[in-house]
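Subject: Structure handover

Hello,

Here is the structure I promised to pass on. Please open it and keep it beside this email while you read.

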Amino acid sequence: MYILIFIGMMLEGDTVLFIAAFLTHQGILHATPVFLTALWGMILGDNLWYTLGFKLKNSNTFLNQWAEKLAKPFDEHLKNYPLRATFLSKFTYGVGHAIFFRAGAIRINWRKLEQNDILATLFWMLIVSGLGYFSSASFFLFKRYLRFGEVALLLGLIIFFTLKHLIVKKSKGKF
C-alpha cells in the first residue's frame with residue numbers, strides 16, 4: 001500500500017494524500033510511514049519533473065509546450081519568490097508539475113528551489129492531510145445519521161414504486 005502512495009504522490013499528490021490521511025484515521029494505515037512515504041514521493045516527483053525540464057529544454061516536445069503554456073507566466077515569480085510559487089502551485093491543479101518542469105527548463109538552481117520545495121510541501125501536506133484526516137473523523141460523527149438517511153431513502157423508494165404501481169394499475173382500469 002505504501003508503494004502505491006509513493007508512486008501516487010509523484011503523479012497525483014492531492015487525491016492520494018487525502019485518501020492516505022483518511023485511511024490513517026480509519027486505522028488502516030500508520031501515520032509515520034504515510035507521512036514519510038508521501039513526503040519522499042512528492043519531493044522525488046518534483047525532482048524528476050525538474051530534471052525532465054532540464055533535459056528537454058530545447059526540444060519541441062509536447063511536455064515542453066505544455067509547461068511553457070501553463071508555467072511561463074510564473075517565470076519571474078519562480079526566480080524571485082520560489083517558496084510562494086512552489087506552495088501555490090501545489091494547490092493549483094495541473095500546474096504543479098509544469099512549474100517544476102519549467103524551473104528545470106529555465107535553469108533555476110535546484111538546490112535553492114529544493115529547499116523551498118521541501119518547506120512548501122510540508123505546509124501543503126499539513127493542510128491536505130489535515131483535511132483528509134478530519135473528514136474521516138467527521139465521517140464517524142455522521143455515520144449514525146447516514147443510517148437514518150439510508151432507511152428514509154429506502155422507505156421513500158418503496159413508497160414511490162408502490163404509488164407508481166398503483167397509479168399504473170388505476171390508469172389501465174385494473175383496480
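Two rings of Phe, Tyr or Trp count as a pair if their centres lie within 6.5 Å. By this rule, there are six aromatic pairs. One of them is Y50 with F54: the ring centres are 6.3 Å apart and the planes are at 25 degrees, so this pair is stacked. One caution before we go on: the model is predicted.

**The aromatic cluster**

Start with helix α3. Y50 and F54 both sit in it, four residues apart, which is about one turn of the helix. How accessible is Y50? Its relative accessibility is 8%, so Y50 counts as buried. F54 is partly exposed, with a relative accessible area of 36%.

Y50 has another ring partner, W110. Their centres are 4.8 Å apart and their planes are at 40 degrees, so this pair is tilted. The pair links distant parts of the chain: Y50 is in helix α3, W110 is in helix α8, and 60 residues separate them. Both Y50 and W110 are buried. Together, Y50, F54, F100 and W110 make one aromatic cluster.

**Salt bridges**

How many salt bridges does the whole structure hold? The search finds five.

Look at D46 and K90. They form a salt bridge, with the closest N and O atoms 2.8 Å apart. This pair also links distant parts of the chain, since D46 is in helix α3 and K90 is in helix α6 (residues 82-90), 44 residues apart. D46 has 2% relative accessibility, so it counts as buried. K90 counts as buried too, at 8%.

K90 also meets D117 in a salt bridge, at 3.1 Å from N to O. K90 lies in helix α6 and D117 in helix α8, so the pair ties together parts that are 27 residues apart in sequence. D117 is buried, with a relative accessible area of 0%. Through shared partners, the salt bridges join D46, K90 and D117 into one network.

E76 and K79 form it, and their closest N and O atoms are 3.8 Å apart. Both residues lie in helix α5 (residues 75-80), three residues apart, about one turn of the helix. K79 has 39% relative accessibility and counts as partly exposed.

Next, find T37 in helix α3 (residues 31-55). T37 is buried, with a relative accessible area of 16%. Which backbone oxygen does the side chain of T37 reach? That of P33, at 2.6 Å. Leaving aside neighbours within four places in sequence, T37 is in contact with Y2, I5 and F6.

N64 lies in helix α4 (residues 62-71). It is buried, with a relative accessible area of 7%. The side chain of N64 reaches the backbone oxygen of L56 at 2.9 Å. Beyond its neighbours within four places in sequence, N64 is in contact with L56, K57, N58, S59 and F101.

**A nonpolar surface patch**

Finish on the surface. V151, L154, L155, I158, I159, L163, L166 and I167 form a nonpolar patch there, and their accessible area together is about 750 Å².

Best wishes

Note on methods
Residues numbered from 1 in each chain as written. Predicted model: local features only at pLDDT ≥ 70, side-chain atom pairs only at ≥ 80, totals over all residues. Heavy atoms only, no water. Patch = residues over 30% accessible without salt bridge, like charges linked within 9 Å, V, L, I, M, F, W, Y side chains within 5 Å. Areas by Shrake-Rupley, 256 points an atom, 1.4 Å probe, with all protein chains shown as cover. Salt bridge = Lys/Arg side-chain N within 4 Å of Asp/Glu carboxyl O. Helix = DSSP H or I, 4+ residues; strand = E, 2+ residues; numbered from the N terminus. Buried < 20%, exposed > 50% of the residue type's maximum accessible area, 1.4 Å probe, protein only. Polar contact = N/O pair within 3.5 Å; in protein donor to acceptor, adjacent residues only side chain to side chain. Contact = heavy atoms within 4.5 Å. Phe/Tyr/Trp six-rings, centres within 6.5 Å; stacked < 30°, edge-to-face > 60°.
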